[in-house]
Amino acid sequence: FKQKTAYEIKECDWSSDVVLFRSAYVIAHVVGALVLVWFMLSGRARVPLTLARFTSQWDMFRDILKVGGVALVSPLQTIATVLVVTRLMAYFGDTALAGYGVGARLEFLLIPLTFAIGAACIPLVGMAIGAGNVARAKKVAWTGGLLGAALTGAAGVTVAVAPWLWSSLFSRDAAVLASANEYLRIAGPAFMFFGFGHGLYFASQ
């Protein structure tokens with residue numbers, strides 16, 4: 001019988017935690033998808049989903065991809081940027097990488113803010129274009145972009161001035177906090193441009 005060292009026990013616990021985190025992420029999305037499918041099939045939705053009447057309509061797929069294909073560029077660009085910067089930060093050590101991870105997490109949490117605005121902009125712009133009122137469509141688009149910039153900009157300026165409000169939620173390690181705080185001070189003021197672009201991104205669909 002071989003007794004495990006404290007390091008081995010800690011490493012085993014950490015590995016178990018990572019597995020739990022990944023499992024929770026997958027389970028949450030699967031449950032959410034199943035609830036939505038159930039709701040659509042239950043007949044309670046305004047536009048019910050009936051699998052028995054489903055037929056493939058390639059013309060409709062093509063129309064969807066004309067918009068959705070272009071829209072894929074923004075999320076892919078965001079994720080690719082995070083992956084590339086994460087890889088670059090790895091060269092500076094675990095501390096810098098952890099600090100960047102804390103800051104990057106805030107960027108992803110800002111997406112729902114602009115998503116709420118963008119979800120309203122899409123039908124408003126669509127109705128304006130359908131009615132031939134291009135001026136109103138442009139006004140809605142600019143308003144959505146500016147509102148997104150205001151919300152994300154407020155969050156960015158806040159963490160730039162007081163980065164510990166966010167970073168202290170994730171770590172007590174002084175080196176990690178210093179790295180995260182430095183990142184937030186530099187990147188925080190630029191969050192407004194992220195919100196502005198995301199707002200226009202939704203309106204352009």
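**Close-up views of a predicted model**

**View 1. I186 sits in helix 7.** Helices here are DSSP runs of H or I with at least four residues, numbered from the N terminus. This is a predicted model, where local features need pLDDT of at least 70, side-chain atom pairs count only at pLDDT 80 or more, and totals for chains, interfaces and linings use all residues. Residues are numbered from 1 along each chain as its sequence is written, and side-chain values use heavy atoms, with hydrogens and water left out. Is I186 buried or exposed? I186 counts as exposed, because its relative accessibility is 63%; the cut-offs are under 20% relative accessible area for buried, over 50% for exposed, and partly exposed in between, using a 1.4 Å probe and protein chains only.

**View 2. D173 is in the loop between helix 6 (164-167) and helix 7.** With 40% relative accessibility, D173 counts as partly exposed. T95 is 78 residues away from D173 along the chain, yet their C-alpha atoms are separated by 9.0 Å.

**View 3. Here's the second largest pocket, with about 300 Å³ of space.** Closest to its centre, out of 14 lining residues, are T78, T81, V82, E107 and F194. Two or more lining residues come from each of helix 3 (73-90), helix 4 (94-130), helix 7 (174-187) and helix 8 (191-203). Which helix gives the largest share of the lining? That's helix 3, with six residues. Sorted by type, the lining has eight nonpolar residues, five polar and one charged. (A pocket is an open set of points on a 1 Å grid over the protein atoms alone, where a 1.4 Å probe fits, with protein on both sides within 12 Å along at least five of seven lines; lining residues have an atom within 4 Å of a point.)

**View 4. D59 and R62 form a salt bridge.** That means a side-chain nitrogen of Lys or Arg within 4 Å of a carboxyl oxygen of Asp or Glu. The closest N and O atoms of this pair are 2.8 Å apart. Both residues belong to helix 2 (residues 58-71), three residues apart, which is about one turn of the helix. A search of the whole structure finds one salt bridge. R62 is partly exposed, because its relative accessible area is 45%.

**View 5. Helix 1 (residues 6-41) holds I27, and L34 lies in helix 1 too.** (Patch residues have over 30% relative accessible area and no salt bridge, and nonpolar side chains, meaning Val, Leu, Ile, Met, Phe, Trp and Tyr, are joined within 5 Å, like charges within 9 Å.) L34 is exposed, with a relative accessible area of 55%. The C-alpha atoms of L34 and I117 are separated by 26 Å, and the two residues are 83 apart along the chain.

Definitions and conventions: Points joined across faces, edges and corners; volume = space filled by probe spheres on them. Nonpolar A, V, L, I, M, F, W, Y, C, P; charged D, E, K, R; others polar.
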